There are 2 protein chains.
Amino acid sequence: MDPYAALADPVRRSLLRALAGRPQRVVDLADGLPISRPAVSKHLRLLAEAGLVTVEARGRERHYALVREGLAPVTAYVDSLVVRTQPLTEHALDALDTEVRRTGRERRQTTPTEETA
Amino acid sequence: MDPYAALADPVRRSLLRALAGRPQRVVDLADGLPISRPAVSKHLRLLAEAGLVTVEARGRERHYALVREGLAPVTAYVDSLVVRTQPLTEHALDALDTEVRRTGRERRQTTPTEETA
DNA sequence: CTGATCAGTAACCAGGTGGTTACCTGATGA
DNA sequence: TCATCAGGTAACCACCTGGTTACTGATCAG
């Protein structure tokens, strides 16, 4: 599943928001949602396929974490639609894009400090 | 259909890209694609529902145009995922966001000058 | 060792999506 | 006027998606 389709589902958007705060286990993610745990598992698998999350097995637990760089294609696409005909915007977009890539390359899953989710 | 789901389909992404260049008729949009015209019509209806395009009837033709501000929720959401924990990025995102809104409010569908689509 | 817990998989089901063809309406222009 | 063209709608179909329950397999704690 591609990242666009991954974002199409509200449950998956919730999951990503939650993971934007900090890596979490499936149970943690599941009990904020009105659906069963297996359903959450399925969504997480799709998100992993889409390159938006990674899993780290830790004992019997599995910790899922957001992969921000997975969003790059989406950002790029949306930006490409938004920008056109206003040159002013481009530098902002450029800065954003650069930042996105840098985040991906250098910071993997380092020190999530806050979680407004 | 919400904008997220609207972006999930590759055909619809193509349509939006095409419309990012200039408003176009259904036939114009259809013959760049490997699907039937009614299928394109359906997609356009969904895009309109999602607030991503508008139609202007002109004689027997209907001209579809991109509505950039319809993408605002998507931009905002993706940004909210991307930003966290790197303060440097925020000003760029902020600039982007401001620009998006400004574009929506002030420029509606003014003077599409290019169309790399 | 054993019971409880975390979590993935399997099997199944309902409903939505994306595509098609066929048809209809309304505008155009020779 | 009338054939033609733009384009929406209807009916239909195959497939995917998202959900469920039931089961299985590890791992942890007592």
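**Entry 1: conventions.** I am working on a predicted model, in which local features need pLDDT of at least 70 and side-chain atom pairs count only at pLDDT 80 or more, while totals for chains, interfaces and linings use all residues. Residues are numbered from 1 along each chain as its sequence is written, and chains are lettered from A and ligands numbered from 1 in the order in which they are written. Helices (H or I, at least four residues) and strands (E, at least two) are DSSP runs, numbered from the N terminus. I take two strands as paired if DSSP finds at least two bridges between them.

**Entry 2: sheet of chain B.** Strand 1 of chain B runs antiparallel to strand 3 of chain B and is joined to it by two bridges. I noted Arg25(B) and His63(B) as bridge partners. Axes here are lines fitted to C-alpha atoms, for helices over the stretch in contact, and angles run from 0 to 180 degrees between N-to-C directions. Contact between two residues means C-beta atoms, placed from the backbone, within 7 Å.

**Entry 3: sheet of chain A.** I read the order 1-3-2 for the open sheet of three strands in chain A, again with antiparallel pairing. Strand 1 and strand 2 of chain A are the edges; each has a single partner strand, so one side of each is left without a neighbour in the sheet. Helix 4 of chain A packs on this sheet, touching strand 2 and strand 3 of chain A, and its direction makes about 120 degrees with that of strand 2.

I then went through the pairs. Strand 1 (residues 24–25) and strand 3 (residues 61–66) of chain A pair over two bridges, with Arg25(A) opposite His63(A). Strand 2 (residues 53–58) and strand 3 of chain A pair over six bridges, and there Val55(A) stands opposite Tyr64(A). Two residues lie between the strands of this hairpin, where Gly59(A) takes a positive phi near 65 degrees.

**Entry 4: DNA strands.** I count a residue as near a strand if its C-beta atom, placed from the backbone, lies within 6 Å of it. Around DNA strand C there are 22 residues, of which Arg25(A), Pro38(A), Ser36(B), Ala39(B) and Gly59(B) come nearest. Around DNA strand D there are 21, and the nearest are Ser36(A), Gly59(A), Arg25(B), Pro38(B) and Ser41(B). The surface near DNA strand C draws at least two residues from each of helix 3 (26–30), helix 4 (37–49) and strand 3 of chain A and helix 4 (37–49) of chain B.

**Entry 5: helix 5 against helix 5.** The axes of helix 5 (residues 72–83) of chain A and helix 5 (residues 72–83) of chain B come within 11 Å and cross at roughly 140 degrees. Val74(A), Thr75(A), Val78(A) and Val82(A) meet Val74(B), Thr75(B), Val78(B) and Val82(B) in this crossing pair.
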